[in-house]
Amino acid sequence: MKIELRDLCKTFDKKSNAINHLNIEINDGEFISLLGPSGCGKSTTMLMLAGIYKPTGGSILFDNRSVGDLEPQRRNIGMVFQSYALYPHMTVLENIAFPLKQMKVPKAERLTRAKQAAAMVRLDSFLDRKPSELSGGQQQRVALARAIVKKPSLLLLDEPLSNLDARLKIEMREEIRKLQKELGITTIMVTHDQEEAMTMADRIALMKDGELVQYASPMELYNNPNSYFVAQFIGTPPMNFLQGNIRVNGDTIDFGMQNKTIPFKNTHVLFERENQGVYLGIRPHDLKVGADGDLSFQGIVRFVEPLGHSILVSVEIENAMVRVLTNPHFTASYGENVTISTQVDSVQLFDALTGRSLK
Ligand code: ATP
């Protein structure tokens with residue numbers, strides 16, 4: 001099912017908009033993630049999709065038809081909540097079959113369908129257990145099976161993995177993604193965890209203060225963030241930012257730090273910002289220890305974190321701390337002087353005032 005949010009607004013207290021003119025299109029069978037910090041409006045958007053909250057402006061379309069007046073139970077939506085919301089007195093099978101019972105599906109058919117859904121999430125051998133006799137990951141699977149059993153046209157996942165430990169999260173990430181692709185259900189997942197959104201979603205709608213900041217594929221958000229907000233929100237370890245002032249000399253920027261000049265292609269966007277503040281953004285994996293990049297800085301090693309496949313080194317440059325993801329053979333001790341470098345092409349530049357990308 002294709003979903004469209006058109007100019008969607010929600011006001012609770014008439015003072016400010018919790019959701020402010022949100023426009024998002026989701027293709028049939030697509031998996032998108034609503035991502036953003038706490039309070040940005042993810043849950044409010046989800047509850048409007050589910051029909052629990054009524055929008056104060058704009059519209060929601062399912063396959064080109066407005067669902068404004070459609071009751072929640074008539075929207076054919078499957079939902080998985082953060083808390084799973086399983087019925088403790090029912091068995092796994094009864095929990096999964098429950099939505100079909102509400103739809104008055106005959107008993108034999110609902111048991112067959114519930115067993116099929118249970119098999120899809122590998123719960124076949126747990127059908128008679130109560131939720132309290134299951135692990136967190138198994139409870140999660142029951143919630144998932146219960147959400148898909150009625151073959152919904154839209155699957156809403158609200159922070160579905162936040163109660164699982166790190167290893168199980170990675171396992172369930174893959175399972176949910178695989179199941180979603182197999183079934184081809186249009187899916188919207190709310191999360192504040194950028195890694196979860198990056199690894200699972202076809203596209204990410206990154207929100208801030210009730211507004212959409214950027215809507216793009218994970219790699220597009222990572223490589224071409226449209227603003228400082230997106231750049232600092234996406235990627236682990238996070239992007240480094242150095243603050244500076246623009247001075248344009250022909251086709252280079254005098255960045256004002258360690259007398260570095262940066263050749264920058266779009267100098268025309270910089271002329272009008274002469275002497276204004278910018279943030280220079282460099283991803284930790286685009287930096288290395290050594291002078292062979294075309295932009296280098298001198299610094300002092302302040303912290304070394306071995307990660308196994310690489311080492312994260314924190315280097316202090318003129319009061320700024322920069323993190324470098326380097327190879328596992330790197331050896332340096334705290335307080336040592338090092339040169340770090342990068343290629344200018346991988347550097348991002350943001351207007352310090354508006355946060356907009358100047359790339
Ligand atoms: P979180 O990640 O913490 O769950 P969120 O992104 O889901 O946050 P929402 O819960 O949608 O954010 O809240 C968006 C804004 O709307 C917040 O400023 C919140 O305080 C406000 N809000 C949400 N629900 C209500 C309500 N029932 N009454 C008044 N204000 C509300």
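Which residue in β21 stands opposite Tyr279? Look for Phe350. Before the close-ups, a word on the model: it is predicted, so local features need pLDDT of at least 70, side-chain atom pairs count only at pLDDT 80 or more, and totals for chains, interfaces and linings use all residues. Residues are numbered from 1 along each chain as its sequence is written.

**View 1. A three-stranded open sheet.** The strands here come in the order β11-β15-β21, with antiparallel pairing. (Strands are DSSP runs of E, at least two residues, and helices are runs of H or I, at least four residues, all numbered from the N terminus; two strands pair if DSSP finds at least two bridges between them.) β11 (240-245) and β21 (348-351) sit at the edges with a single partner strand each, so one side of each has no neighbour in the sheet. From one strand to the next, the twist averages 30°, with angles running from 0 to 180 degrees between the N-to-C directions of axes, which are lines fitted to C-alpha atoms. Strand β15 (residues 277-282) is joined to β21 by four bridges.

View 2. The chain splits into domain 1 (3-232) and domain 2 (238-351), with bounds from an automatic or database domain assignment. Their C-alpha centres lie 39 Å apart. Five residues from domain 1 and six residues from domain 2 make the contact; residues are in contact if their C-beta atoms, placed from the backbone, lie within 7 Å.

View 3. Zoom in on Leu206: leaving aside neighbours within four places in sequence, its contacts include Leu35, Val213 and Phe233.

**View 4. Ile185 in its loop.** You'll find Ile185 in the loop between α5 (166-183) and β8 (186-191). Ile185 counts as buried because it has 21 C-beta neighbours inside 10 Å. Not counting residues up to four places away in sequence, Ile185 touches Pro152, Leu155 and Gln180. Ile148 is 37 residues from Ile185 along the chain, and their C-alpha atoms are separated by 9.0 Å.

Terms used:
Contact = placed C-beta atoms within 7 Å. Buried ≥ 20, exposed ≤ 12 C-beta atoms within 10 Å, placed from the backbone.
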